[in-house]
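Reader: Could you put the model up and take me through it slowly?

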Amino acid sequence: MLGRFEFANPTKIYFGKGAIDSLKGELERYGKTVQLVYGGGSIKKNGIYDEVLFALHAANKAVVEDGGVMPNPTADKLRDGVRIARENRVDFILAVGGGSVCDYAKALSVSVHCGGDPWEVYYERFEEPACPIVPVGCVLTMVGTGSEMNGGAVITNPERKLKIGHVFGSNVMPKFTVLDPTYTFTVPRRQMVAGIYDAFNHVCEQYFSGEDDNVSDDLAEALMRSIVRNSRVAVKDPENYEARSNLMWAASLALNTLIAKGKTTDWEVHMLGQAVGAYTDATHGMTLSAVSLPYYHYILPYGVKKFKRFAVEVWNVPEAGSDEEIALRGLDALDGWMQEIGVSRNLTELGVTPDMIEGIADATRVMDGGYHVLTRPEIVAILRASL
Ligand code: NZQ
Ligand code: ZN
């Protein structure tokens, strides 16, 4: 652990079947008017909406509805949410949904009382909030992003063809999150596996960086093994509570700042994936899976020791042959698992065409924490190899 760090995660977690029972008590700690944020309507079909409304009424809240948050929430939707919040003078924002809904709620929370256009303030100028922040609570219905326990808020601007994440501080993290694994049983299979890959890749992004012996990397390996093992159960038996509960908690731990402590991190797969998302509006986890193997094959020679460790510790690859051969067998095992759970392994099936490559490369931010800092021609080559 050569790095210095501070660690505090203020999000209180209520985990397990029936955890919604805790919602009323939490809501009572905040003001009267609650902006109830949700997505395209899945919560009305599976009954979660009714359970949440029951708690809101039991806590004697005035509810302001704000539904229709789309996957990959847009800057326009955010502006609309700010208007709703201001018109109704909301005291609290309750997000009920997946990462898109949670992200949107956090972006909203820092925009209600701040002047200026939220996209320009937070996603172009990357300012930090200098105004009161409306507190956020979350009821998670889809596993993957970790948004339920972090300060991230990713917003898409389709006109500008940009998808950008702003990682806010602990004052923006949800005050509490309800995690009931049974709430995820109705997630469509494609979304479930995309979320599983997203969580796995969050771990990779923090793992493939740095040289020192670091407890964060040991934690990362345990999370990766758990995600792989439980994903295999969940794809065969989606209502297996044990598997879905492990995946739910692993995904939260994968991106709640814990495993980034004391080390550098990469995040280049996410930068490539977000640029793809800006051009295609494709499912986030699938944009990551489509570019991962070409990217990891490209950077493997720069980080061969870590890729070998990944092969041995995560995939049980026997330690026979050169470091590079062992490392490559680890990526083959990753590829095999991706095929097994059924995530996208190319950009073409996500709607990317060769003429988009230059634009996607322009929209890709270059990070400097991984084993190799990409040049623009290298980004183009990786994107082409991902088609
Ligand atoms: O909108 P509804 O009708 O609710 O349907 C959603 C949506 O269509 C559906 N769904 C969610 N829970 C369900 C369900 N359907 C049936 N039953 C349920 N229980 O799933 C679809 C996808 O939901 P979404 O919230 O978009 O998925 P996800 O959780 O993957 O979130 C993706 C967003 O999070 C951002 C991504 O970029 C993307 O915008 N990320 C946020 C991060 C963070 N805050 O740290 C990190 C990630 O890397 C990621 O970038
Ligand atoms: Zn992600």
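Predicted model: local features only at pLDDT ≥ 70, side-chain atom pairs only at ≥ 80, totals over all residues.

Reader: How many helices and strands does the protein have?

Author: The protein has 15 helices and eight strands, where helices (H or I, at least four residues) and strands (E, at least two) are DSSP runs numbered from the N terminus. Buried residues make up 59% of the 387, with buried meaning under 20% relative accessible area, exposed over 50% and partly exposed in between (1.4 Å probe, protein chains only).

Reader: OK, the metal: which residues coordinate the zinc ion (ligand 2)?

Author: Asp-198 (OD), His-202 (NE2), His-270 (NE2) and His-284 (NE2) coordinate the zinc ion (ligand 2), at 2.0 to 2.2 Å. Donors here are N, O and S atoms within 2.8 Å of the metal (3.2 Å for Na, K and Ca), and because water is not among the atoms, sites may look incomplete.

Reader: And how are those donor residues spaced in sequence?

Author: The spacing is D-x3-H-x67-H-x13-H. Asp-198 lies in helix α7 (residues 189-207) and His-284 in helix α11 (residues 284-299), so this pair ties together parts that are 86 residues apart in sequence.

Reader: Is Asp-198 buried or exposed?

Author: Asp-198 is buried, with a relative accessible area of 3%, and His-284 also counts as buried, at 17%.

Reader: Switching to β2, which strands is it joined to?

Author: Strand β2 (residues 33-38) runs parallel to β3 (residues 62-66), with five bridges joining them, and parallel to β4 (residues 92-97), again with five bridges; strands pair if DSSP finds at least two bridges between them. Thr-33 has Ala-62 as its bridge partner in β3, while Val-34 stands opposite Phe-92 in β4.

Reader: Last topic: what lines the largest cavity?

Author: Its lining includes Met-142, Ile-196 and Arg-244, and α7 and α9 (241-254) each supply at least two of the lining residues. This cavity holds about 60 Å³ of space. On a 1 Å grid over the protein atoms alone, a cavity is a set of points where a 1.4 Å probe fits but cannot get out, a pocket is an open set with protein on both sides within 12 Å along at least five of seven lines, and lining residues have an atom within 4 Å of a point.

Reader: And what volume does the second largest pocket have?

Author: The second largest pocket has a volume of about 180 Å³, a volume being the space filled by probe spheres set on grid points joined across faces, edges and corners. Helix α12 (residues 304-315) gives the largest share of its lining, four residues.

Definitions and conventions
Residues numbered from 1 in each chain as written. Chains lettered and ligands numbered in written order. Heavy atoms only, no water.
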